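This report goes through selected local features of one structure. The sequence and coordinates come next, followed by the notes.

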Amino acid sequence: RDATSTVSGKAGVTWLLQDGFQVEASGQVSGTNGESYGVDGRLGSDGSIVARFVCTKAPLSRLGMPVLKGSVDLDASLSGTLDSPSAGFSFSLNSGSPAEGLPSAAGSGAYAGSVLSFTDTRLRYAGFRGEGLDVSIDLETYAIDLDGAVSYHLGPIVVSGVASASGKPTVPSAIGTATEAWRPFESYSVAGNLEDAAWTDTDLGTVPFSVIMAEASTTIVAGDSGQVRVNLGSEGSIGVNLARTLPLAGKASGRIADGNLSLDVSDAILDMVFLFDMLKLPVIEVPSGTAQGSLRIRGSIADPTVEGIVTLDNFFIRVPSFIDGSVGPLTEPVYFTGSTMESNQPAVRCGDATLLLSIEAALNRGIPDDIRVLVRTATKNTLPVSTSILGMDIDGSAEGSLAVEANRDRTRITGDLFMPAGDIVLTTGVIRRKPSAEAAYDLSDRKSVV
């Protein structure tokens with residue numbers, strides 16, 4: 001019994017004097033919530049060891065390390081001798097469906113000759129995922145080698161690749177003394193490459209990266225020219241610098257602690273073509289444009305709020321399924337108000353028409369989702385329209401309004417259009433078909449001259 005839990009059961013130890021001195025031990029104890037421990041082993045007179053240790057739902061808090069939370073299942077076999085032991089094991093960390101914020105992992109491994117290795121290991125924590133990871137750690141030198149597929153998921157954003165890296169302490173163990181223990185990970189460096197790297201559907205090739213830990217801080221650098229730089233300090237402080245050559249550039253500073261984020265973003269520049277390509281909205285396209293400004297990001301890492309104002313430059317949008325031409329440029333700012341973003345454009349052009357346009361979107365994990373675009377003609381000049389609905393090919397010009405609601409999975413288009421002139425071509429047999437589940441249309445054509 002300890003401060004973590006209480007277990008009970010039976011255990012026994014047998015000393016054998018025949019054929020030399022031998023010790024055999026076995027035991028099984030268990031507690032609440034499925035926690036249990038079992039051991040069965042033998043120590044021979046020649047120092048040989050044969051043993052097996054099994055535990056289920058063992059609380060990690062017993063190890064006294066705050067970063068370790070949840071429970072572990074372990075099945076380990078020990079062999080060899082006291083002077084040269086070896087082991088093989090399989091493990092599962094927070095198996096099943098762990099609570100939000102807890103890491104999960106599973107794999108197998110071995111220990112021999114001071115080297116601890118993990119094979120075909122799976123790891124998940126927050127948005128990070130590792131699959132087929134092979135890791136080796138030399139417990140004498142603390143050198144580490146890692147290979148495996150890794151990815152990070154944030155809403156529609158997925159950064160992925162195959163990581164290959166090596167790490168070692170930057171301070172030799174010889175400086176450790178009896179009064180100053182060697183802490184190898186206080187000064188440590190890792191270098192490697194992310195092969196077949198991709199940002200969602202954009203191939204990045206091979207991306208070199210490095211991690212340097214020194215004086216209670218960690219610096220992460222990625223890219224051939226260090227385009228991405230992240231500094232992690234004491235008590236959760238963080239600083240980010242993204243080079244102007246990236247589709248998302250700028251600086252950010254703040255703090256991450258206890259699953260919460262407080263981040264101030266300054267001088268941010270976002271390529272809007274890149275953003276909308278990443279969002280993959282079914283009917284909305286962006287041929288050009290950038291957004292620039294400063295933002296405040298607060299709250300849960302899983303779904304923070306975003307506040308601030310960004311300005312637009314050369315930003316055009318297209319709805320090619322309905323509007324024949326680009327709409328823009330959009331010049332009024334975009335306002336982030338916590339869990340939403342919005343912008344009202346009182347006078348934008350599309351062909352000869354002047355339009356009133358508004359954009360609204362919910363923020364999911366800080367990223368625009370469920371976008372709604374409302375377009376309404378503001379003058380008698382008509383909007384060029386080109387579309388196909390249920391076997392009708394419609395081309396012409398119209399007055400009225402059009403609302404497009406879209407995310408990655410669905411599209412809804414509604415409107416009220418007045419067409420003084422235009423062409424409609426009917427394809428028989430198609431008009432009776434129902435629209436697909438991915439797109440819903442509700443257009444009211446008040447007048448049409450064919």
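Threonine 377 counts as buried, at 14% relative accessibility; buried means under 20% relative accessible area, exposed over 50% and partly exposed in between, with a 1.4 Å probe and protein chains only. Threonine 377 belongs to strand β25 (residues 367-377). Strands (E, at least two residues) and helices (H or I, at least four) are DSSP runs numbered from the N terminus. Not counting residues up to four places away in sequence, threonine 377 touches Thr354, Leu355, Leu383, Ala398, Glu399 and Gly400, where contact means heavy atoms within 4.5 Å.

This is a predicted model, in which local features need pLDDT of at least 70 and side-chain atom pairs count only at pLDDT 80 or more, while totals for chains, interfaces and linings use all residues. Residues are numbered from 1 along each chain as its sequence is written, and side-chain values use heavy atoms, with hydrogens and water left out.

Alanine 268, in strand β18 (residues 260-271), is buried with a relative accessible area of 13%. Leaving aside neighbours within four places in sequence, the contacts of alanine 268 are Ala249, Gly250, Ala291, Gln292 and Gly293.

Strands β22 (residues 334-338) and β23 (residues 340-350) run antiparallel and are joined by two bridges; strands pair if DSSP finds at least two bridges between them. Tyrosine 335 has glutamate 342 of β23 as its bridge partner. The hairpin from β22 to β23 passes through one residue.

Strand β23 is also joined to β24 (residues 353-364), by nine bridges and again antiparallel. Here glutamine 345 is partnered by leucine 357 in β24. The hairpin of β23 and β24 has two residues between the strands, and glycine 351 takes a positive phi near 65° in it.

## Aromatic pairs

Rings of Phe, Tyr and Trp (its six-membered ring) pair if their centres lie within 6.5 Å; planes under 30 degrees apart count as stacked, over 60 as edge-to-face and the rest as tilted. The count by this rule is five aromatic pairs. Phenylalanine 89 and phenylalanine 118 have ring centres 5.7 Å apart and planes at 75°, so they form an edge-to-face pair. Because phenylalanine 89 lies in strand β6 (residues 85-93) and phenylalanine 118 in strand β8 (residues 115-125), the pair ties together parts 29 residues apart in sequence. Phenylalanine 89 is buried at 15%, whereas phenylalanine 118 is partly exposed at 22%.

Tryptophan 199 and phenylalanine 274 make a tilted pair, 5.5 Å centre to centre with 55° between the planes. Tryptophan 199 is in strand β12 (residues 188-199) and phenylalanine 274 in helix α1 (residues 272-279), so this pair connects parts 75 residues apart in sequence. Ring pairs also link Phe89, Phe91 and Phe118 into a cluster.

## Salt bridges

A salt bridge is a side-chain nitrogen of Lys or Arg within 4 Å of a carboxyl oxygen of Asp or Glu, and six are counted by this rule. One of them joins aspartate 75 and arginine 52 at 2.6 Å, N to O. Aspartate 75 lies in strand β5 (residues 71-80) and arginine 52 in strand β4 (residues 49-59), so the pair ties together parts 23 residues apart in sequence.

Arginine 298 and aspartate 264 form another salt bridge, at 2.9 Å, N to O. This pair ties together parts 34 residues apart in sequence, because arginine 298 is in strand β19 (residues 285-300) and aspartate 264 in strand β18. Arginine 298 is partly exposed at 22%, and aspartate 264 is partly exposed at 36%.
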